[in-house]
Amino acid sequence: MNPLDRPPRRLGILGGMGPLATADFYRRLVERTPAGSDQEHVPVAMWADPRVPDRTAALLGEGPSPVPALVEGARWLRSAGAECIAIPCNTAHAYVAEIALVTDVEVLDMVSAALVSAGTMAAQVTRVGVLCTRGTRVARLYERAGEALGITVIRIPLAAQERLVDPAIRAVKQGLPLDEPSRLIAGAAEILRAGGAQVAIAACTEIPLISREAARVLPLVDSTTSLVDAVLARLDRDAPARAAPGWTRSMWPPG
């Protein structure tokens, strides 16, 4: 059958947080899709507005809520025929239950997908280190998901977060050279290893872009790739990794 004769199973990408991370997600989606021609790739609708208020600032009480902008984008994606939505931003997952509730569209769970990937990297993985934004820390996204999966989440001390991880993420967003941010993230991975982490998760979608040195310190799960694999499994594209469930309206309020 001609692929164009089938009803499309369209993915919605709610992006722009940040723009480079969204572009990286889509590139990885294309690279990991089992396709022999252009027509066999996943149909995609993308809403990428970098004007969405900063998620970390909102969670820290230092800026406006991003929810209205995220809901606007999700509604646009639904109207464009999206069967489900991927948000390539870990910190934005603090708001996915609200988005699913208001828009009645499934939002795939990047956080659980990354933890599932970490748990299957080696035998008996129970202690997973997380490199993330301060917003993701405050929302305890990985801690809550880890409890449901029987995984202990380890974080670096807040002082190290501010000295190593925060400036590294800012450098990527600002388009600065990546050598120094890569060194900073590797230093953060060293702290996680010393704290007993068996595996680390690059739990901010800017971090996979600067994680090569950190991957020499600890086995590293790329949360962007985990979300890609969750998308492919959801759309029956034979993803190479087990996918985590997504948020739907029926799951509100979260446990």
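Predicted model: local features only at pLDDT ≥ 70, side-chain atom pairs only at ≥ 80, totals over all residues.

Analyst: Residues are numbered from 1 along each chain as its sequence is written, and side-chain values use heavy atoms, with hydrogens and water left out.

User: What makes Cys 89 count as buried or exposed?

Analyst: Buried means under 20% relative accessible area, exposed over 50%, and partly exposed in between, with a 1.4 Å probe and protein chains only. Cys 89 has 6% relative accessibility, so Cys 89 is buried. Cys 204 has a relative accessible area of 4% and therefore is buried.

User: How do you know that S5 pairs with S6?

Analyst: Strands (E, at least two residues) and helices (H or I, at least four) are DSSP runs, numbered from the N terminus. Two strands pair if DSSP finds at least two bridges between them. Strand S5 (residues 127–131) and strand S6 (residues 152–154) run parallel and are joined by 3 bridges, so they meet that definition. In S6, Val 153 is the bridge partner of Val 128.

User: Which strand is paired with S5 over 4 bridges?

Analyst: That is strand S7 (residues 199–202), in the parallel sense. Val 199 in S7 stands opposite Val 128. As for cover, 4 of the 5 residues of S5 are buried.

User: Where does Thr 91 lie, and why is it called buried?

Analyst: Thr 91 is in the loop between strand S3 (82–86) and helix H4 (96–103). Its relative accessible area is 5%, so Thr 91 is buried.

User: What makes the link between the side chains of Thr 91 and Thr 133 a polar contact?

Analyst: A polar contact is a pair of N or O atoms within 3.5 Å; within protein, one must be able to donate a hydrogen and the other to accept it, and residues adjacent in sequence count only if both atoms are side-chain atoms. The contact between the side chains of Thr 91 and Thr 133 is 2.6 Å. The side chain of Thr 91 also makes a polar contact of 2.9 Å with the side chain of Thr 136.
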